[in-house]
Amino acid sequence: MRAPRGGGLRGRPVGAADYVLLRRLHGDSRAAATLSAAGVVAPSRTRSLIARARRARHRPGLGLWLFHDGGGRFVGYCGLLPVRLAGRPAEIELLYAVMPRFWRRGHAGAMAAAVLRRADAAGLGAVVAFTLPHNHASRRVMAGQGFAPLGDIVHAGLRHVLYRRAGGYGRGS
């Protein structure tokens with residue numbers, strides 16, 4: 001499959017050499033506040049994310065992509081990776097994060113739409129996404145992509161709101 005594109009952004013698969021770039025995002029306290037309760041995302045979580053993405057690449061439609069704007073600036077990442085949430089069978093997760101300097105420009109929605117098109121093309125079916133309850137921007141992105149809220153879950157020791165999207169039914173696909 002081709003690299004995902006959306007909203008003037010171009011994605012490319014994440015690789016081990018992208019650790020420094022991802023640390024810029026994960027090390028930003030504003031971005032981290034949308035991803036965890038800690039001041040920044042731990043370096044071990046960044047390494048774990050890269051490892052998860054590399055393991056998932058062999059399955060059609062799965063992976064993690066770094067998105068850049070037309071000027072080559074790193075905007076954020078978005079992907080589809082297997083996830084096992086407590087008490088639930090394995091599922092496919094839509095995950096994304098945007099550098100704070102690019103917030104409120106529609107990039108998260110554009111990245112999600114591009115990645116969800118890959119999910120639909122690969123026939124992945126239902127996809128889940130979750131966020132911290134206070135992350136209203138992320139909740140709007142999920143709703144805009146056809147995700148419906150299912151309720152609260154505990155993930156990584158924190159309360160999150162879980163959403164699900166049936167395959168092929170998102171407005172962004």
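Trainee: How much space lies in the largest pocket?
Mentor: This is a predicted model, to begin with. In the model, the largest pocket holds about 1,000 Å³ of space.
Trainee: Which residues lie nearest its centre?
Mentor: Thr34, Leu35, Tyr96, Ala97 and Asn135 do. They belong to a lining of 44 residues.
Trainee: Which element gives the most to the lining?
Mentor: Strand E5, residues 91-98, with six residues.
Trainee: And by class, what is the lining made of?
Mentor: There are 25 nonpolar residues, twelve polar ones and seven charged ones.
Trainee: Let's step back to the whole chain. How many helices and strands does the chain have?
Mentor: Five helices and eight strands. In sequence order the pattern is β-β-α-α-α-β-β-β-α-β-α-β-β. The radius of gyration is 15 Å, close to the 16 Å that the globule rule gives for 173 residues, so the chain is as compact as a globular protein of that length.
Trainee: What box do the C-alpha atoms fill?
Mentor: Roughly 35 × 35 × 30 Å, along the principal axes.
Trainee: What share of the residues is buried?
Mentor: Buried residues make up 50% of the 173. As for the surface, the chain exposes about 8,200 Å², and carbon and sulfur atoms supply 54% of that.
Trainee: Of the contacts between residues at least 6 apart in sequence, what share joins residues at least 24 apart?
Mentor: That share is 61%.
Trainee: Pick a helix for me. Which residues of helix H1 are buried?
Mentor: H1 covers residues 19-26, and its buried residues are Leu21, Leu22, Arg23, Leu25 and His26.
Trainee: What covers the buried residues of H1?
Mentor: The cover includes helix H2 (29-35) and helix H3 (43-56), along with strands E2 (9-13), E3 (63-68), E4 (74-83) and E5.
Trainee: Now some single residues. Where does arginine 104 lie?
Mentor: In the loop between E5 and helix H4, which spans 107-121. Arginine 104 has a positive phi of about 60° although it is not a glycine.
Trainee: Is arginine 104 buried or exposed?
Mentor: Exposed, because its relative accessibility is 79% and the cut-off for exposed is over 50%.
Trainee: Next, isoleucine 153: buried or exposed?
Mentor: Isoleucine 153 is buried, because its relative accessible area is 14% and buried means under 20%. Isoleucine 153 sits in strand E7, residues 148-155.
Trainee: What is isoleucine 153 in contact with?
Mentor: Setting aside neighbours within four places in sequence, isoleucine 153 is in contact with Leu85, Phe130, Leu158, Arg159, His160 and Leu162.
Trainee: Which strand is arginine 164 in?
Mentor: Strand E8, residues 158-165. Arginine 164 is partly exposed, with a relative accessible area of 27%.

Terms used. Residues are numbered from 1 along each chain as its sequence is written. This is a predicted model: local features need pLDDT of at least 70, side-chain atom pairs count only at pLDDT 80 or more; totals for chains, interfaces and linings use all residues. Side-chain values use heavy atoms; hydrogens and water are left out. On a 1 Å grid over the protein atoms alone, a cavity is a set of points where a 1.4 Å probe fits but cannot get out, and a pocket is an open set with protein on both sides within 12 Å along at least five of seven lines; lining residues have an atom within 4 Å of a point. Grid points are joined across faces, edges and corners, and a volume is the space filled by probe spheres set on the points. Helices (H or I, at least four residues) and strands (E, at least two) are DSSP runs, numbered from the N terminus. Ala, Val, Leu, Ile, Met, Phe, Trp, Tyr, Cys and Pro count as nonpolar, Asp, Glu, Lys and Arg as charged, and the others, Gly among them, as polar. Buried means under 20% relative accessible area, exposed over 50%, partly exposed in between (1.4 Å probe, protein chains only). The radius of gyration is taken over C-alpha atoms; the globule rule is 2.2 Å times the number of residues to the power 0.38. Contact means heavy atoms within 4.5 Å. Accessible areas come from the Shrake-Rupley method with a 1.4 Å probe; for residues, only the protein chains shown count as cover.
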